[in-house]
Amino acid sequence: GGGGQREGSALQRLVQDSQHANNLQLVEIAQRLGIQLKYAEPPERSVPAKKWVVYEYDAGVCLRVIPVSHGSYFLFGRDQTLDQLLGQNLIMLHEQTVSGQHAVLQFRKHEESAAHMVVLREGITEVDEDASGNPYIIDLASTNGSFLNGERMEANVYYRLKEADTLRFAYGDREYRLLL
């Protein structure tokens with residue numbers, strides 16, 4: 001039968017829908033595709049006005065420059081099945097010790113304290129506090145952890161990032177630096 005072909009076009013439609021979906025809709029679309037998305041965005045998500053960029057380094061050499069100001073969140077991981085679903089919101093990591101859905105860079109509007117989350121480093125008092133959205137990193141309970149400026153992060157906790165912070169995922173050698 002033609003059942004497989006119909007499923008294929010349904011899948012394509014879902015993937016097309018995912019290009020315009022918000023994260024909560026994506027979680028639903030992913031479930032229908034048999035993919036469990038580990039992350040749902042918080043209500044105070046925002047797209048930053050500033051032009052943030054993540055630089056990927058290996059032994060001091062810049063391998064790629066990843067613009068991260070066109071969306072409210074970016075998932076770091078090595079699960080290739082998410083590529084079609086998340087598109088530019090997926091930052092693929094190719095190191096074996098990295099989890100499929102490892103960590104998320106999330107832009108959030110400033111709120112004193114949101115009841116639904118624990119936030120560390122919130123006390124940063126920067127001249128350039130941005131009302132349009134500030135960067136945070138959260139480790140999605142990955143197997144081998146995430147590191148902020150060399151310190152292992154707690155899982156499922158938002159860490160407020162500032163310019164020139166360095167991230168490392170699992171036991172990989174690559175470093176990811178957030179710059180404006």
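Predicted model: local features only at pLDDT ≥ 70, side-chain atom pairs only at ≥ 80, totals over all residues.
Strands of a sheet pair through backbone hydrogen bonds, either parallel or antiparallel.

Now step inside the sheet, to β11. This strand covers residues 166-169. Two bridges join β11 to β12 (residues 175-179), and the two strands run antiparallel. Look at Thr 166, which belongs to β11. Is Thr 166 buried or exposed? Its relative accessibility is 13%, and buried means under 20%. Thr 166 therefore counts as buried. Leaving out residues up to four places away in sequence, Thr 166 touches Phe 147, Leu 148, Asn 149, Glu 175, Tyr 176 and Arg 177.

Next, turn to strand β3, residues 73-77. Five of its five residues are buried, so β3 is largely enclosed by the rest of the structure. In a regular strand the side chains alternate between the two faces of the sheet. Here, Tyr 73, Leu 75 and Gly 77 point one way from β3, while Phe 74 and Phe 76 point the other way.

Which strands does β3 join? Four bridges link β3 to β5 (residues 103-108), and this pair runs antiparallel. Three bridges link β3 to β4 (residues 90-92), and this pair runs parallel. Leu 75 stands opposite Val 104 in β5 and opposite Leu 90 in β4.

Terms used. Residues numbered from 1 in each chain as written. Heavy atoms only, no water. Buried < 20%, exposed > 50% of the residue type's maximum accessible area, 1.4 Å probe, protein only. Contact = heavy atoms within 4.5 Å. Pairing = 2+ DSSP bridges.
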